[in-house]
Amino acid sequence: MSTRIAFLKGHGTENDFVILPDPENALDLSPAAVAALCDRRAGIGADGVLHVVRSAAHPEARHLAPEAQWFMDYRNGDGSIAEMCGNGVRVFARYLQHAGHVSEGDLAVATRGGVKTIHIAKDGDITVGMGRARLPEGDVTVSVGEHSWPARNVNMGNPHAVAFVGDLADAGDLISPPPFSPAAAYPDGVNVEFVADRGPRHVAMRVHERGAGETRSCGTGACAVAVAAARRDGADPAVTGVPATYTVDVPGGTLVITERPDGEIEMTGPAVIVAEGAIDAEWLENAAG
């Protein structure tokens, strides 16, 4: 009988993930294997993989084990490694609760973007401390077809280019990565957010995620959008001394982002486990080629 590998499927505002519990880091997850799992026709289908590993068992996270027991080894849908995924870390926390590893309240999760503080509320929403945004200097431009827009360079542990547009349809199909310049601004590629206003402190966005294409939601992207909107609106909390909260509509739902005067950013939204099952290890090995 073939070996079976346990998996779950979950989503945060319809940004969906295959969850692979692997506490001792025993799975060999090649880029091809991850891409096969995320294939929406020949695999399970997802925007990415949440590889659940104890920090002490993973060479990249071992130094974080005293701060966070669990490490989110996140992979994009194409198999590439990402530093952080905001929706993913909420789903990761929901899995830890689902599996009985944690309960309501506060916990810490290690990521390649650092240790993230998380609060699981009684009403079901999950709040993630996303850290501080960095705003690299220099002008950036993004393009779709014949249209170009200035973009704000925001780094949330991963890179973002935030462009404000009159209509979200201006972003086109977002199948291919939108061109940007200068190339030196994002040597490893970039997540591109197109943003339209919906009301006071209320915006809507579409996103092309590096390595995944257009997704239904992007947590770090929503944070980058809120930061860019606050700077555009003259609501920089470090200047005003007042927290700035923005409601960010994504195709898959709504996230609420708050930036505090100390620069710390919190993201609140839902996270849902929708299925559990088993993968045939032989299929995965063959699919990975």
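**Reading the terms of a model**

Tutor: The lining of the largest pocket is made up of Ile5, Leu20, Leu27, Asp28, Leu29, Ser30, Ala33, Ala281, Leu284, Glu285 and Ala288. The model is predicted: local features need pLDDT of at least 70, side-chain atom pairs count only at pLDDT 80 or more, and totals for chains, interfaces and linings use all residues. Residues are numbered from 1 along each chain as its sequence is written, and side-chain values use heavy atoms, with hydrogens and water left out.

Student: What makes a space a pocket, and what makes it a cavity?

Tutor: On a 1 Å grid over the protein atoms alone, a pocket is an open set of points with protein on both sides within 12 Å along at least five of seven lines, whereas a cavity is a set where a 1.4 Å probe fits but cannot get out; lining residues have an atom within 4 Å of a point. The largest pocket holds about 170 Å³, where a volume is the space filled by probe spheres set on the points, joined across faces, edges and corners. Helix α5 (residues 281-287) gives the largest share of its lining, 3 residues; helices (H or I, at least four residues) and strands (E, at least two) are DSSP runs, numbered from the N terminus. The whole structure has 1 cavity of 30 Å³ or more. The volume of the largest cavity is about 70 Å³, and Tyr74, Asn158 and Arg210 are among the residues that line it.

Student: How do you know that glutamate 282 is partly exposed?

Tutor: Buried means under 20% relative accessible area, exposed over 50%, and partly exposed in between (1.4 Å probe, protein chains only). Glutamate 282 has 47%, so it is partly exposed.

Student: Why is the pair of phenylalanine 17 and tyrosine 74 called edge-to-face?

Tutor: Rings of Phe, Tyr and Trp (its six-membered ring) pair if their centres lie within 6.5 Å; planes under 30 degrees apart count as stacked, over 60 as edge-to-face and the rest as tilted. Phenylalanine 17 and tyrosine 74 lie 5.9 Å apart, centre to centre, with 75° between the planes, and therefore qualify as edge-to-face. Phenylalanine 17 belongs to strand β2 (residues 15-21) and tyrosine 74 to strand β4 (residues 70-76), so the pair ties together parts 57 residues apart in sequence. Phenylalanine 17 and tyrosine 74 are both buried. Phenylalanine 180 and tyrosine 186 also form an edge-to-face pair, at 5.2 Å and 85°.

Student: How do you know that tyrosine 186 is buried?

Tutor: Its relative accessible area is 3%, which is under 20%, so tyrosine 186 is buried. Phenylalanine 180, at 24%, falls in between and is therefore partly exposed.

Student: What makes a set of residues a nonpolar core?

Tutor: Its members are buried Ala, Val, Leu, Ile, Met, Phe, Trp, Tyr and Cys residues, joined through side-chain atoms within 4.5 Å. The largest such core has 51 residues, of which Met72, Ile118, Met205 and Ile257 touch the most other members. Helix α3 (residues 219-232) contributes the most to this core, 9 residues. Apart from it lies another core, of 17 residues, including Phe194.
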